[in-house]
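Please read these notes with the structure open beside them. They are meant for someone who has not seen it before.

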Amino acid sequence: MFDYQAPEQLLKDKISLVTGAGDGIGKTAALPYAQHGATVILLGRTPKKLEAVYDPIEAKGYPQAAIVPL
C-alpha cells in the first residue's frame, strides 16, 4: 500500500479542463485539482451544477475557476 501525499502546489500554473464537472467523477476531481494549484475549467451541461462546484473553489481561495456550460 502506498502513502503518497501530493505536494500542495503540484499543479501550480497548470490548466485543467474537467468535463462533466457538475456531477460524479468530474465534480469529485475538480476540487483537488484546484486545491493543488490548477486553474480549473468546469465544463458541463447544467450551469447551476457547475456553480455548485465553482463556489467552494472560490470560497477556499484557490485559483479562479471558469464555468463553461455546453
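**Notes on the predicted model**

1. Phe2 is exposed, with a relative accessible area of 81%; exposed means over 50%, buried under 20% and partly exposed in between, with a 1.4 Å probe and protein chains only. Phe2 lies in the segment before β1 (15–19).

2. The model is a predicted one, in which local features need pLDDT of at least 70 and side-chain atom pairs count only at pLDDT 80 or more, while totals for chains, interfaces and linings use all residues. Residues are numbered from 1 along each chain as its sequence is written, and side-chain values use heavy atoms, without hydrogens and water.

3. Phe2, Tyr4 and Leu10 together make a nonpolar surface patch of about 440 Å².

4. The protein has two helices and three strands, in the order β-α-β-α-β from the N terminus. These are DSSP runs: helices are H or I with at least four residues, strands E with at least two.

5. The C-alpha trace spans about 35 × 25 × 20 Å along its principal axes. Buried residues account for 29% of the 70 residues.

6. Of the contacts (heavy atoms within 4.5 Å) between residues at least 6 apart in sequence, 58% join residues at least 24 apart.

Notes. Patches are made of residues with over 30% relative accessible area and no salt bridge: like charges are joined within 9 Å, nonpolar side chains (Val, Leu, Ile, Met, Phe, Trp, Tyr) within 5 Å. Accessible areas come from the Shrake-Rupley method with a 1.4 Å probe; for residues, only the protein chains shown count as cover. A salt bridge is a side-chain nitrogen of Lys or Arg within 4 Å of a carboxyl oxygen of Asp or Glu.
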